[in-house]
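Please read the following report alongside the sequence and the coordinates.

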Amino acid sequence: LDVSDALVPPGDAPLPAEDILRYVDHLALYHSIYMEDESMENPALGLCTIRDWVLLLTPREVRVTERERNDGNPTAPQVARGWEAFERVAPAPAASLVTRLMNNLRPFMRALERSPRTLNHGDYKFGNLGTLRIVPSADVPDAASIAGPTIILDWGQAMYAPPTFDLGWFLAVNSARLSIAKEDIIERYH
């Protein structure tokens, strides 16, 4: 099934609020389905670990990715520039805390163990989302389509983790295209 016409178009234009809220509603729905579902801990599922996902964008991992993967993916260079900017502008206490956490994830991981967990996509962003459109009646050629199921592509970083991972990632990565306040999106999710 070719769904390319149903995907969110690339670019920087803000999305309509109704589309954003539908994606957030569907995120909350699939999170609720798998909430505290311990079958998600089965290694045979091949899910990404929280630790691997957290380390994915650290300076050390980004340098390795840039060296080993020369596939034209712009993410690693962008993240590397972000870390360079962080080193220049972050207050010393914040930089120190982040460095300590990257060198020793145990306190962070212990805190996460106390949080509720669910199936997370791991890269829930507009570039991986779309909406199937449904025409209410084939007998009415000009009938307006209605939004149907959300298409979610690229499950390569799926993990069993606190739901705030997907929600936070969605807000951060899509921030330039959000046509409604982040606080309203968080409220809608809950």
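This is a predicted model: local features need pLDDT of at least 70, side-chain atom pairs count only at pLDDT 80 or more; totals for chains, interfaces and linings use all residues.

Residues are numbered from 1 along each chain as its sequence is written, and side-chain values use heavy atoms, with hydrogens and water left out.

Asparagine 128 sits in the loop that runs between strand S1 (118–120) and strand S2 (129–134); helices (H or I, at least four residues) and strands (E, at least two) are DSSP runs, numbered from the N terminus. A polar atom of the asparagine 128 side chain lies 2.9 Å from the backbone oxygen of aspartate 123. Leaving aside residues up to four places away in sequence, asparagine 128 touches His121, Asp123, Ile151, Ile152, Leu153 and Asp154, where contact means heavy atoms within 4.5 Å.

Aspartate 154, one of the residues touched by asparagine 128, belongs to the loop between strand S3 (146–152) and strand S4 (159–161). Its phi is near 60°, a positive value in a residue other than glycine. Glutamate 36, in the loop between helix H1 (17–34) and helix H2 (50–55), likewise has a positive phi, near 55°, and is a residue other than glycine.

The table gives relative accessible areas, with buried meaning under 20%, exposed over 50%, and partly exposed in between (1.4 Å probe, protein chains only).

| Residue | Relative accessible area | Class |
|---|---|---|
| Asparagine 128 | 7% | buried |
| Glutamate 36 | 41% | partly exposed |
| Aspartate 154 | 45% | partly exposed |

Notes:
A polar contact is a pair of N or O atoms within 3.5 Å; within protein, one must be able to donate a hydrogen and the other to accept it, and residues adjacent in sequence count only if both atoms are side-chain atoms.
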